[in-house]
Amino acid sequence: MMRVGLATVALWCAAATALAIDPTELPDPTLQARYSALTHELRCVQCQNQSIADSPVGLASDLRAQVREQLLAGKSDEEVRDYMVARYGEFILFRPRYSLRNAWLWLLPLALLLIGAVAALRILRQRAQLLAVDDSTVGEASPLDKNGPA
Amino acid sequence: MSKFLLPLAVFALLATVLAIGIKHSPDKGTIRSPLIGHPAPAFALATLDDAQRVVRSQELRGHPYLLNVWGTWCYACRAEHRMLLQIQRAALAPLIGIDWKDDDAQAQAYLAKSGNPYSVVLVDRDSRAAIDWGVYGAPETFLVNAAGTVTYKHVGELTREVWEHQFVPRLRQGTAAGR
């Protein structure tokens, strides 16, 4: 009973702060959805591990106002992102863009996986060969058996 | 021999990546401004002294200037205030202040009490100019050359060391190059 009560209070607090941080409501539900998605993928540059949707600081709310204004003016999501990147750099995007400069970040895991697969294959093959060659000793008594303690 | 080659190569690669990471760790949290080397963002802001008077970025063209983003709510700004007064006295370039998200009366009282290092203080209450300049935390200090290009940005307290090693050489270079 106590636990349920606490959980309810915690949930209520979370909901209350979420509402308090961003009360923005756009007239059109699709616009509201785009607004919500964009504000969640833009970093609050002042408090760098939060998105501008989650951050209570003043600059975040001013950045949200910019997003809102630009969406209402008919700008596309990509135009809003470009606007932010031109001012704050790509760091403001939580989801980095694919570019030549950071291509290695995306490709490295694939390359590592490939190297691992090749190595594993080679080891497996070697073992198979060893088994094929060394078949004869299986079942035969080894010298150790004769001299060891009975 | 070749048995060790692959692990060695992997180790070397890892060491390089980590070395680069460590080398750049002092910059962690500091965002490199995409404005460096680009024209200063245009602005038109009212002054703190006279809300009717508007200063436009075009008016500042033709000579280098320093732009300092501050606020009375910002502790690091208070810490650098003395340095700013010295910079004003050095008179290498005018210091333009942007009073960011602040209360006008409080800002006026603060400058009256601590001294005013700025040639002019502009007011940016809703971050419009601050966002255009890519400001994310006060204080931030920009250097704009005579051609109107942003050549340097410092985030955080402007210390004597930063001033002498980063700003002064760039300002001297600008005047030596002539206009």
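Helix α2 of chain A covers residues 29-41, and its 13 residues should span 18 Å at 1.5 Å a residue, which agrees with the 18 Å between its end C-alpha atoms; the expected span is 1.5 Å times one less than the number of residues. Helices here are DSSP runs of H or I with at least four residues, strands are runs of E with at least two, and both are numbered from the N terminus. This is a predicted model, in which local features need pLDDT of at least 70, side-chain atom pairs count only at pLDDT 80 or more, and totals for chains, interfaces and linings use all residues. Residues are numbered from 1 along each chain as its sequence is written, while chains are lettered from A and ligands numbered from 1 in the order in which they are written.

**Chain A as a whole**

- Chain A has six helices and zero strands, and buried residues make up 16% of its 150 residues.
- Among the contacts in chain A with a separation of 6 or more, 42% are between residues 24 or more positions apart.
- Domain 1 (13-92) and domain 2 (100-135) are given for chain A, with bounds that come from an automatic or database domain assignment.
- The centres of these two domains, taken over C-alpha atoms, are 44 Å apart.

**Where chain A touches chain B**

- Chain A brings 13 residues to the contact and chain B brings 12 residues.
- On the side of chain A that touches chain B, α3 (58-72) and α4 (77-88) each supply at least two residues, and α3(A) gives the most, with five residues.

**Confidence**

- Chain B has a mean pLDDT of 90, and 94% of its residues reach 70 or more, pLDDT being the predictor's confidence in each residue, from 0 to 100.
- The model scores ipTM 0.79 and pTM 0.74.

Terms used
Two residues are in contact if their C-beta atoms, placed from the backbone, lie within 7 Å. A residue is buried if 20 or more other C-beta atoms lie within 10 Å of its own, exposed if 12 or fewer, and partly exposed in between; C-beta atoms are placed from the backbone.
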